Amino acid sequence: MSKVGIVAYGTIPFTKEDHKIESILHKSTNDLFQKNPNINKKEIDAVLVSTNNNSKYLSPILSEMVGIQPKIAHSIESLCNSGTNSIVSAFSYISSGLADMVLVSGAERYDSPGQILEWDNSRGEFKHPIFWASIFSKSYKQDYGISDERLAIVSVKNHKQAKQNPNALSKKTYTVEEVINSTKLTDDLRLLDCSRPCTGSASVLLASEDMAKKLTDPPIWITGIGQKTTSAGFTKNTSLSSLESTKLAGQSALKMANHSISDIDVAEVHDAFSVCEPMILESLGFTNPGEGMNMIKNLYETNNFKINPRGGLIGAGHPLGATGISQTIEIVQQLQNSAENRQTDNPKKGLIHNMSAAATSSTVLVLEK
Amino acid sequence: MSFESELSKGQFCIPECMTCKKIVWPPSEFCDNCNGETSLKKGEFEGKIVEFSKQNENYFCMVEFFDSIRLMAKMNTSPKKDQIVKISKCGISEGSYFFHVI
């Protein structure tokens, strides 16, 4: 399989503002081209748009707005992991030889229809994500003896790290007490345990090996991809305190990259809610089951940004179609040692974990210098 | 007779494959195992509470039937894990299913 690299990126700040989807797609793509004037748009073979927005024909629209006439142009929707699904599609186009260079642009508005999976009637009248998050939280806390105070460290850590991210939605830091005393959504979930839907866009450009070497120094290579969908409905999750799709996707990605989880220096993981972060770390194998919070507490106390350096979804915000792309940009910046105040200690290998619909589907990417 | 037409009348039915007898959930006309057609079993089915939490004064529970169907239901009294319950009320409201258990 031929190598595929990430050669450029662009983004806009995540906000609660009301902007047209076409406008924000254009802005992050424009940011990419402004930062990389050496890119010849005529060499872009495909334009993929990642979004849950109901607007139609967004990829040809974006292509026209930025002056590209691609061979391939279409949208990709897979709820919250649309972004990494799009990157995997771009990778496939390039590694198959169908394309040499692919633009992937993700965007979402604060009022995205992708926040609720209407099809999932097994959830009864409890379709909002706060209900599956509450069930996971209750089960995880009970299985491993984790208190609300201990779990609140996820939110405290990720808001703190987001403060170093100029594009993050959150600009504040919080204490454990403030998380615990924030609005009680259910007995097992506080407002500050939740990532927030928002308006945002992020774009990356993927290229074949020859093109990547020509355009970037150093190119960041996608060396591992793992994906798994176990179901669409939340109630089909066999475990409520671990994430099966994440476990399987992580194993596949690490096998493809020929690495073990201990080789990973920095990771962006899908902390849609506080409880997701320890469950993900455990499912990926960073820790044993039930020990995810020990790792998170240690990282927080030692000011180590290894997990979710940009602030995760809780701190950075969650514009669904842009999230996986924004996570990927963060790992590219980390590996290029350009993450400024968020920079971890000269990482060589990074991982992105992005999931959908109560972890019924997960995507894991491994990136390397 | 479809699952939804029965549910809209307040009747919870179990969809079962007429060929391989697998219980099919979420409800479907066809079996996800052998692709055979399904039929509906009527009755007062007992389920088990797998997990629950609470919003305001209402409990919401994940309830399991026949080791294969899991759904989210409302409960007015304090639940316990592994508690055996029955559906007391169900239907369709604004396009979404709803289930209450006692």
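**Exercise 1.** Is Phe66(B) buried, partly exposed or exposed, judged by the other C-beta atoms within 10 Å?

*Solution.* The model is predicted: local features need pLDDT of at least 70 and side-chain atom pairs count only at pLDDT 80 or more, while totals for chains, interfaces and linings use all residues. Residues are numbered from 1 along each chain as its sequence is written, and chains are lettered from A and ligands numbered from 1 in the order in which they are written.

Step 1. Recall the cut-offs: a residue is buried if 20 or more other C-beta atoms lie within 10 Å of its own, exposed if 12 or fewer, and partly exposed in between, with C-beta atoms placed from the backbone.

Step 2. Phe66(B) has 14 other C-beta atoms within 10 Å, so Phe66(B) is partly exposed.

Step 3. Locate the residue: Phe66(B) lies in the loop between β4 and β5 of chain B. Helices (H or I, at least four residues) and strands (E, at least two) are DSSP runs, numbered from the N terminus.

**Exercise 2.** Which residues are joined by a cis peptide bond in chain A and in chain B?

*Solution.* Step 1. In chain A, such a bond joins Asp217(A) and Pro218(A), with omega about 0°. Pro218(A) belongs to the loop between α7 (209-215) and β8 (220-229) of chain A.

Step 1. In chain B, a cis peptide bond links Trp25(B) and Pro26(B), again with omega about 0°. Pro26(B) is placed in the loop between β1 (14-17) and β2 (38-41) of chain B.

**Exercise 3.** Describe how α8 and α9 of chain A pack.

*Solution.* Step 1. Two packed helices are described by the angle between their axes and the distance between the axes. Axes are lines fitted to C-alpha atoms, for helices over the stretch in contact, and angles run from 0 to 180 degrees between N-to-C directions.

Step 1. Helix α8 (residues 244-257) and helix α9 (residues 276-284) of chain A meet at about 45°, with their axes 8 Å apart.

Step 2. The two helices, α8(A) and α9(A), are therefore oblique to each other (under 35 degrees is roughly parallel, over 145 roughly antiparallel, 65 to 115 roughly perpendicular, and the rest oblique).

Step 3. The contact (C-beta atoms, placed from the backbone, within 7 Å) involves Thr246(A), Lys247(A) and Gly250(A) of α8(A), together with Ile280(A), Ser283(A) and Leu284(A) of α9(A).

**Exercise 4.** How many residues does each chain give to the contact of chain A and chain B, and which strand of chain B gives the most?

*Solution.* Step 1. Chain B supplies 16 residues and chain A supplies 18 residues.

Step 1. On the side of chain B that touches chain A, β3 (46-55), β4 (58-65), β5 (69-75) and β7 (96-101) of chain B each supply at least two residues.

Step 2. β5(B) gives the most to that side, with five residues.

Key:
Contact = placed C-beta atoms within 7 Å.
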